[in-house]
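User: Could you walk me through how the chains in this model sit against each other?

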Number of protein chains: 4
Amino acid sequence: MKKVKDFLWKPGMTAEECVDRFDSLGYQAIELYEASEVVLKMKDSGAKIFLTFTSNMITSGLRGFFAQLIKLGAVDVIVTTSGSIEEDIMKAVGEEFEISSFNADDVYMHEKGENRIGNLLIRNESYMKFEDKMSDYLKKIYEKQKRIAVSELLKELGLMLNDENSFLYQAAKRNIPVFCPGIADSAIGFHLFMFQQDHPDFIVDTIQDIKNAIFCSSNDERKGLIALGGSISKHYAVFSALLSGGFEYAVYMTTSHQSSGSFAGATTQEAKSWGKIKDDAEAATVIGDVTITFPLMMIRVLEKLKQKGLLKSI
Amino acid sequence: MKKVKDFLWKPGMTAEECVDRFDSLGYQAIELYEASEVVLKMKDSGAKIFLTFTSNMITSGLRGFFAQLIKLGAVDVIVTTSGSIEEDIMKAVGEEFEISSFNADDVYMHEKGENRIGNLLIRNESYMKFEDKMSDYLKKIYEKQKRIAVSELLKELGLMLNDENSFLYQAAKRNIPVFCPGIADSAIGFHLFMFQQDHPDFIVDTIQDIKNAIFCSSNDERKGLIALGGSISKHYAVFSALLSGGFEYAVYMTTSHQSSGSFAGATTQEAKSWGKIKDDAEAATVIGDVTITFPLMMIRVLEKLKQKGLLKSI
Amino acid sequence: MKKVKDFLWKPGMTAEECVDRFDSLGYQAIELYEASEVVLKMKDSGAKIFLTFTSNMITSGLRGFFAQLIKLGAVDVIVTTSGSIEEDIMKAVGEEFEISSFNADDVYMHEKGENRIGNLLIRNESYMKFEDKMSDYLKKIYEKQKRIAVSELLKELGLMLNDENSFLYQAAKRNIPVFCPGIADSAIGFHLFMFQQDHPDFIVDTIQDIKNAIFCSSNDERKGLIALGGSISKHYAVFSALLSGGFEYAVYMTTSHQSSGSFAGATTQEAKSWGKIKDDAEAATVIGDVTITFPLMMIRVLEKLKQKGLLKSI
Amino acid sequence: MKKVKDFLWKPGMTAEECVDRFDSLGYQAIELYEASEVVLKMKDSGAKIFLTFTSNMITSGLRGFFAQLIKLGAVDVIVTTSGSIEEDIMKAVGEEFEISSFNADDVYMHEKGENRIGNLLIRNESYMKFEDKMSDYLKKIYEKQKRIAVSELLKELGLMLNDENSFLYQAAKRNIPVFCPGIADSAIGFHLFMFQQDHPDFIVDTIQDIKNAIFCSSNDERKGLIALGGSISKHYAVFSALLSGGFEYAVYMTTSHQSSGSFAGATTQEAKSWGKIKDDAEAATVIGDVTITFPLMMIRVLEKLKQKGLLKSI
């Protein structure tokens with residue numbers, strides 16, 4: 001059995017060395033180390049990797065990191081929620097989000113047109129800028145295609161952006177599909193609705209997109225999942241892969257626990273009962289805020305992949 | 001200022017008396033009491049009440065209680081996730097879910113065709129029964145309408161069921177709209193997709209349904225929200241009402257905290273910065289498992305409404 | 001296997017009937033029901049029952065309920081933290097705690113001499129009143145005994161109070177030992193220290209009390225544990241009983257999870273590896289705020305015990 | 001207002017650079033960055049720094065890091081729980097803890113003499129080794145002093161160990177006081193009790209030690225607190241400093257939330273209402289597992305202190 005070792009700081013230690021040392025540090029530290037090992041096995045086996053995240057992670061600043069992971073060839077399929085789409089576009093067209101506080105005065109913020117998300121904020125202006133841009137974008141897309149599956153719509157949107165840190169842009173450029181089954185929610189949903197009011201034959205087909213989701217991976221290939229948080233993005237990924245045999249590898253990073261039966265807190269263990277991940281799959285669950293756990297875990301992965309020459313570009 | 005009072009048991013005390021006493025018991029007990037007060041104010045003011053829940057709550061057995069609340073006229077609009085639809089239908093056609101354990105052997109369960117959700121399970125047979133029924137239902141609906149908004153589809157489905165404990169049935173019978181923006185997920189999504197393969201002109205329009213969601217309430221009427229858990233169901237409700245001025249009353253019941261910026265953990269306070277609930281709205285947040293907190297809170301509400309003659313039927 | 005049943009409200013339903021129905025409602029509802037079953041088995045088997053709680057539960061208003069449980073003969077040994085002692089005495093001498101808010105202005109409260117505990121507050125005056133009383137109490141105890149084990153000190157204190165809702169009073173009257181290994185903390189610790197400054201031969205012996213803790217139960221008798229929250233109170237109880245063979249029955253009610261290795265979140269399962277509870281013990285863990293879960297669970301227990309004539313008085 | 005910036009990986013980035021970048025990454029990442037800033041301010045102002053932790057953190061392997069922090073002169077006062085004492089000694093005399101699993105078979109572990117703490121384990125042999133050693137240690141201490149305050153006892157114990165990674169050893173060598181008000185709990189408490197059985201005049205005085213705790217800092221000096229987890233260790237530190245005016249700086253790292261009034265979840269905000277930390281104190285709270293958050297936060301602190309020449313030795 002592996003021994004616990006006393007953790008010691010070394011001056012100038014790299015983030016990689018820090019996580020290397022988590023291999024013998026208890027509780028979530030070792031789970032984080034194990035998660036990085038599972039992702040490395042995904043890469044070593046050539047698995048198709050699904051990355052799922054919720055919109056608050058885009059707000060947080062992880063957006064640029066998600067885009068970088070796509071650019072480096074580290075992930076192959078994206079599933080996310082509607083807010084991620086609008087916020088990625090806002091930032092691509094120059095808007096910025098700001099640091100606020102968990103104890104902010106929300107009534108005062110409302111008066112100032114500031115919308116709080118935890119300890120961050122998005123200004124009303126960013127939503128207005130998004131609205132302006134979306135009208136143009138949708139007109140162009142509509143001219144090409146009246147009935148469109150969500151992932152096709154998102155690819156078109158990505159191609160109209162020009163921002164290295166945009167995940168839509170990086171995914172579109174590299175033919176990485178982005179799925180968003182809940183697109184009818186949020187500001188993006190509202191603008192699609194407004195556009196449809198003037199163009200009743202414009203159809204964003206969430207059902208048709210299931211085909212793309214199912215066939216983006218096959219029974220023959222190995223599949224890996226990195227699910228950040230819960231929500232429809234996590235569920236859609238496991239559901240899609242279930243139809244082609246389930247995942248060989250899975251990493252869940254979440255703040256939720258299994259005690260209330262929520263899908264956010266569902267464990268990789270529970271997933272085995274469904275065949276969502278295979279009975280003998282390699283899996284790890286890390287409990288904690290992904291703004292800390294995900295970069296840390298992936299930095300170790302990226303450094304090791306770089307050493308092996310498995311990154312597309314840097 | 002209100003004093004803390006020593007809680008004492010009285011033989012034969014009713015659930016209502018128990019929650020009455022929570023008015024001077026600290027932490028989440030008093031928050032639960034306050035939540036019941038907020039719901040009573042919703043009813044007293046004649047507000048239109050949105051109830052949102054996630055599919056794990058349907059699995060839990062709260063399904064019958066949601067149906068009863070609709071029947072009693074206690075709620076006016078439902079927003080939920082895709083899993084709720086399929087599970088409500090499974091139970092309406094005679095399937096039953098079972099009590100398992102949080103520590104069950106998931107690999108063994110998989111072999112036996114048992115799918116675990118926390119400490120509950122759903123058998124593969126229930127999914128197969130659902131599949132059979134859906135084919136029939138969808139054929140009938142397709143014959144009437146090729147392009148259909150989600151809430152219209154769910155009303156048609158509800159009218160085909162015949163189960164007093166089905167929320168789809170009770171809602172359909174009483175013209176209570178049921179919204180499900182993420183319907184493309186889960187088994188229901190898959191069956192819609194399979195049907196569309198054979199009937200390419202069959203379109204389930206999630207964008208079109210936004211109109212129904214926005215116009216199911218108006219600026220002129222008071223609005224209240226009871227949001228159980230997080231997910232797209234909670235967000236779609238606050239987003240819809242935002243467009244008609246936001247909620248005057250809100251109760252959030254959740255196991256999540258605001259520390260990671262998730263929408264599940266977003267507080268009623270944060271909602272004010274967005275105008276999702278009004279600056280001076282009456283609001284309460286109860287942290288805890290809704291299988292315990294929601295029935296308890298609503299039993300107090302129902303008893304008081306009964307005393308005032310405000311329930312439609314019993 | 002037990003089936004999930006649709007939960008339905010019945011007008012006038014008692015709290016007992018409500019929890020009876022939790023036997024077929026998922027997640028924490030059924031765990032709460034199971035916890036009540038475990039406590040009933042403790043009583044049926046004649047087990048010696050340890051109840052542990054932390055001081056915030058005394059602040060909350062559960063204090064009166066704990067006193068009532070002792071009075072009714074429902075529990076046999078108490079283990080708690082230092083804050084519980086001082087707060088029980090404050091309330092016994094007429095002080096009252098108040099309802100505040102989780103979002104209170106803490107700097108303003110400090111100026112006003114209000115000390116916040118979650119959504120409750122204790123005024124500085126209550127600490128001053130406690131200080132006055134303690135001087136008298138300690139003088140009398142010192143005159144009888146210079147070196148005293150903690151549980152003996154707490155018994156003496158209990159006998160000087162005269163409040164039916166005081167757990168120290170009820171325990172002292174009924175020879176129920178109250179253990180508090182961490183008594184050197186908080187205001188009570190400080191007043192013991194101040195008294196010792198003037199009376200250097202006054203010794204409150206926490207080590208000596210271990211004998212009382214170990215021998216308050218024996219290998220020959222069955223033992224049950226109801227642990228509310230975590231902390232030294234929970235650990236001291238399991239440690240004491242470990243020496244006489246561990247618990248046959250255990251109920252843990254907590255808001256903590258096992259993911260960080262804290263003892264608050266340690267499960268009844270983990271306890272088996274230590275022999276803290278027996279391998280084949282009956283055990284249940286309920287995740288949630290004890291101001292809600294504990295009264296609810298115990299009301300069902302008390303009603304059943306009353307029906308069986310197993311309560312000492314009412 | 002500070003802007004959110006897109007996080008990007010740089011090959012070979014140090015742990016310090018990683019946390020530097022958390023200054024513009026949302027949710028707990030920025031809170032962790034802020035916590036490191038607060039600790040740097042403690043050091044810049046020459047504050048006396050209290051570090052509190054619970055025994056599970058010693059089990060985890062952070063023990064060596066705590067010892068290193070003492071050695072480097074980064075902290076000045078230690079407060080902990082009883083389990084930390086026995087586990088530090090076990091490791092100092094050559095015992096090792098092992099990595100297990102959150103889902104281990106606890107009954108089987110019990111048979112094998114393995115005691116689980118989250119995903120770690122301690123063998124029965126380690127407790128036996130501890131028992132052997134303690135008899136010797138206590139005899140020597142007893143010969144010097146019959147009545148001893150806890151921190152004096154712990155200093156004597158520390159001086160008998162010879163392990164660079166032992167926090168008791170490093171603290172004893174550097175005259176850093178270690179407080180443990182709850183020493184009567186756990187195996188250490190039991191061995192003190194056994195020794196007292198044979199030496200009735202042996203008194204471990206927890207009350208007397210309050211003097212040392214109160215006077216280890218003064219009104220005139222600035223004080224800072226780093227509290228890991230909750231429990232009696234955190235409370236004793238804030239209580240001690242309260243008597244000399246409260247903390248100017250505070251960092252809380254915990255997995256608990258304030259919703260249930262537990263002290264583990266009590267915020268630095270709440271502490272202000274008590275004067276436990278000053279009204280205008282610099283404070284930060286980081287929600288997450290300390291095996292990840294604490295090393296990461298402190299590595300940034302140590303690198304900056306090294307650059308400033310503020311570390312005693314490396």
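Here's a short chat about the contacts between chains and how the copies are related.

Analyst: Quick ground rules: this is a predicted model, where local features need pLDDT of at least 70, side-chain atom pairs count only at pLDDT 80 or more, and totals for chains, interfaces and linings use all residues. Residues are numbered from 1 along each chain as its sequence is written, while chains are lettered from A and ligands numbered from 1 in the order in which they are written.

User: How many residues of chain D are in contact with chain A?

Analyst: Two residues are in contact if their C-beta atoms, placed from the backbone, lie within 7 Å. On the chain A side, 53 residues take part. Chain D's count is 53.

User: How does the side of chain D that touches chain A divide by class?

Analyst: Ala, Val, Leu, Ile, Met, Phe, Trp, Tyr, Cys and Pro count as nonpolar, Asp, Glu, Lys and Arg as charged, and the others, Gly among them, as polar. Sorted that way, the side of chain D that touches chain A has 25 nonpolar, 18 polar and ten charged residues.

User: And how many residues does chain A give to its contact with chain C?

Analyst: Chain C puts in eight residues. By class, chain A's side has two nonpolar, six polar and no charged residues. Chain A's contribution is eight residues.
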